[in-house]
Amino acid sequence: LADADREVRKSACNALAVRKGGGATTALLNLLRDEDAEVRKASVLALGASGERMAVTGVLATLQTGDDQMVRTCAVALAEAGAHVMMTARGTERLEAAANEAASAGLSVEAQVMDVADVEATETALEGQVYDILVNSAGMSRPATAIDTPVEDYDAIMGANVRGAYFISRNVAKGLIEAGRPGSIINISSQMGHVGGIERAVYSASKRAVEGFTKSMAIEWGP
C-alpha cells in the first residue's frame, strides 16, 4: 500500500477488500486496525504521511459525529504515527469522548466543535493554522424520496456535504501552499455517489460532487 506505483497500491487495497469483504474503505480500515505494526505503518504511509515527517506535522480530522468510526480510526492511526490530531464535529459530547479516549492512551489528540457548513466560522477557526493532512468525513443525510425532498433539506445537505467540504479543503490547501509545505487532503465519499439509493437522491448527488471537486483540486495542486 505504500508502493510508489499507484496501480500497485490499488491492487493491494482491492486484494485486501476481496479477502476481508467490503470495499476499499473497509480495506483501509482493516489495515489501520491490523495487529501487525508494519501493516499499520504501511497504511499510514498510504494516507500520505511518513513516520519521520509525522513527528512535526498536524492532522485535521472532521467527523460526521463523535462516533464516526471511519475517521476516528484514521485519526488514531495518524496520532500513533506521531501526529498531533485535531478532531472536529458538530456535536460536543461524543466528540470529546472520542478525543479523551485517544488522549488517555497517550496520543496527542484535541477536540474542537466545528460545523463545516458554517464556512465563515470554519475559516476563522482555521486561520493561521497549517495542517499537513485533512481527513474530512463531515456531512449529513436527510432521507426522503426525490418527490418529497424539502428545499431546506436539499440546501442543508448540499451545504454540509459539498459547500462545507469544498471550502475546508480549500482553506487547508491554502495554508499548505502559503507555508510552502506538501500535504494530503482526503475527502470521504460514498458508493451512493455512483449507484444512488432509495430516499438518498440528494445525498448521492452530494457525494458525486465531492469526488468531482476533489479530482479537480488534485489536478490543480498535485505534483
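How much space lies in the second largest pocket? About 200 Å³. Before the details, some ground rules. This is a predicted model, where local features need pLDDT of at least 70, side-chain atom pairs count only at pLDDT 80 or more, and totals for chains, interfaces and linings use all residues. Residues are numbered from 1 along each chain as its sequence is written, and side-chain values use heavy atoms, without hydrogens and water.

Now the terms. We work on a 1 Å grid over the protein atoms alone. A pocket is an open set of points with protein on both sides within 12 Å along at least five of seven lines. In a cavity, a 1.4 Å probe fits but cannot get out. Lining residues have an atom within 4 Å of a point. Volume is the space filled by probe spheres set on the points, which are joined across faces, edges and corners.

Back to that pocket. Its lining includes Glu123, Leu126, Tyr131, Asn171 and Lys174. Helices here are DSSP runs of H or I, at least four residues, numbered from the N terminus. H6 (119–126) and H7 (151–179) each supply at least two lining residues. H7 gives the most, with five.

Next, the cavities. The count is two of 30 Å³ or more.
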